[in-house]
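Open your viewer and get ready to click along. We will stop at a few places, select something, and see what is there.

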Amino acid sequence: MNIGQAAAASGVSSKMIRYYESIGLIPKTVRTESGYRVYSDHDVHTLRFIRRSRDLGFSVEQIADLVSLWQDRERASKDVKAIALEHVGVLERKIRELQEMASTLKHLATNCHGDARPHCPIIEELASDDAASVPVRSDAKFGALGKVAAR
């Protein structure tokens with residue numbers, strides 16, 4: 001099948017399929033004489049595996065490890081479990097951080113009158129030079145605003 005058909009069958013966009021191929025997450029595919037990629041059912045199955053892994057939030061590096069373990073029939077399940085549990089820890093940390101951010105924003109919003117006056121504790125906190133009140137998070141994916149100290 002061509003890349004469009006593989007994308008439709010796997011739920012992975014053509015662009016991502018090309019990207020996964022470029023980084024070696026999936027092997028380079030066979031090409032026709034005219035240069036079109038040709039995908040097998042096995043390739044589509046691998047792409048579905050990758051999509052499901054991405055849906056669970058695994059990183060590309062973790063997915064590469066999981067694909068390798070999936071293809072290794074001699075694998076130890078403890079290796080797969082270790083990757084999964086490490087990821088669970090990361091997810092739980094992100095959940096805590098998101099809950100802290102939501103709590104902080106709720107606190108700031110509660111203290112904002114939300115009227116026509118210009119005074120706004122939310123803006124004041126965001127503009128604050130106090131590095132201790134708004135620590136920069138190490139995970140830039142969620143932005144620089146981490147938990148804000150309660151006032």
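**First stop: Ser10**

Select Ser10 to begin: its relative accessibility is 0%, so Ser10 counts as buried (buried means under 20% relative accessible area, exposed over 50%, and partly exposed in between, with a 1.4 Å probe and protein chains only). You are looking at a predicted model, in which local features need pLDDT of at least 70 and side-chain atom pairs count only at pLDDT 80 or more, while totals for chains, interfaces and linings use all residues. Residues are numbered from 1 along each chain as its sequence is written, and side-chain values use heavy atoms, with hydrogens and water left out.

Ser10 sits in helix α1. Helices (H or I, at least four residues) and strands (E, at least two) are DSSP runs, numbered from the N terminus. Now show the neighbours of Ser10. Leaving out residues up to four places away in sequence, Ser10 touches Ile17, Val44, Leu47, Arg48 and Arg51, where contact means heavy atoms within 4.5 Å. Also display the backbone oxygen of Ala6, which lies 2.8 Å from a polar atom of the Ser10 side chain.

**Zoom out**

Colour the model by secondary structure. How many helices and strands does the protein have? There are six helices and two strands, and along the sequence they follow the pattern α-α-β-β-α-α-α-α. Of the 151 residues in the protein, 29% are buried.

**The core**

Next, select Ile17, Tyr20, Ile26, Leu47, Ile50 and Ile63. These residues have the most contacts inside the largest nonpolar core, which has 20 residues. A nonpolar core is a set of buried Ala, Val, Leu, Ile, Met, Phe, Trp, Tyr and Cys residues joined through side-chain atoms within 4.5 Å. The elements giving two or more residues to this core are α1 (3–10), α2 (14–22), α3 and α4. The largest share, five residues, comes from α4. In soluble globular proteins, nonpolar side chains tend to be buried together.

Keep Ile63 selected. Apart from its neighbours within four places in sequence, Ile63 is in contact with Leu25, Ile50, Ser53, Arg54 and Phe58.

**Along helix α4**

Select residues 60–71, which form helix α4. Which residues of α4 are buried? They are Gln62, Ile63, Leu66, Val67, Leu69 and Trp70. These residues cover an arc of only 165° around the axis, which puts them on the same side of α4; the arc is that of the directions from the helix axis to the C-beta atoms.

**On to helix α5**

Select α5, with its 34 residues, and check its ends: the first and last C-alpha atoms are 49 Å apart, close to the 50 Å expected at 1.5 Å a residue. The expected span is 1.5 Å times one less than the number of residues. The buried residues here are Ile83, His87, Lys94, Glu97, Met101, Thr104 and Leu108. They pack against α4 and α6 (121–127).

**Two last clicks**

Find Thr29 in the loop between α2 and β1 (30–31). Is Thr29 buried or exposed? Thr29 is buried, with a relative accessible area of 13%.

Finally, go to Met16 in helix α2. Met16 is partly exposed, at 30% relative accessible area. Draw a line from Met16 to Arg51: they are 35 residues apart in sequence and 10.0 Å apart in space, C-alpha to C-alpha.

Methods
A polar contact is a pair of N or O atoms within 3.5 Å; within protein, one must be able to donate a hydrogen and the other to accept it, and residues adjacent in sequence count only if both atoms are side-chain atoms.
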